[in-house]
Amino acid sequence: MLRVILELFRIITIILVIGMVMGFIINSIYAIFGINVENTTGGWIVAMGIFPLLYVLYKNWLQFSGFYKMADK
C-alpha cells in the first residue's frame, strides 16, 4: 500500500514540476516572438497541450522506473 501512495505522489510531482518547466519554456518561446499568453485563453491551450505530452512521457518511459512494480502474469 505504501508503494502505491509513493507512486501517486511521484506522478503528481512529475506533473507539477515537469509541467511547470515545460510551461515556462513555451511561455519563453512566445515571449521571444513578442506574444503574451498570460491571463488569456492561449495560456490554457498551452497547459492543455502539455498534459498529453506528460501522459505519453509517463506511459513510455517514467512508468518503468517508479516505486510500484506490477506482478508478472
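Mentor: Start with α2: Thr 41, Trp 44, Ile 45, Met 48, Tyr 55 and Asn 60 are exposed on its other side. Exposed means over 50% relative accessible area, buried under 20%, and partly exposed in between (1.4 Å probe, protein chains only). Helices here are DSSP runs (H or I, at least four residues), numbered from the N terminus. This is a predicted model, where local features need pLDDT of at least 70 and side-chain atom pairs count only at pLDDT 80 or more, while totals for chains, interfaces and linings use all residues. Residues are numbered from 1 along each chain as its sequence is written, and side-chain values use heavy atoms, leaving out hydrogens and water.
Trainee: OK, and which residues in α2 are buried?
Mentor: Val 46, Ile 50, Leu 54 and Tyr 58. Down the axis of α2, its buried residues fall within an arc of 100 degrees (taken from the directions from the helix axis to the C-beta atoms), so they line one face of the helix.
Trainee: What do they pack against?
Mentor: The buried residues of α2 pack against α1.
Trainee: New topic: how many salt bridges are there?
Mentor: The structure has 1, meaning a side-chain nitrogen of Lys or Arg within 4 Å of a carboxyl oxygen of Asp or Glu. Glu 7 pairs with Arg 10, with the closest N and O atoms 3.0 Å apart.
Trainee: Are those two buried or exposed?
Mentor: Both Glu 7 and Arg 10 are buried. They sit 3 residues apart in helix α1 (residues 2-32), so about one helical turn separates them.

How values were computed:
Helices (H or I, at least four residues) and strands (E, at least two) are DSSP runs, numbered from the N terminus. Contact means heavy atoms within 4.5 Å.
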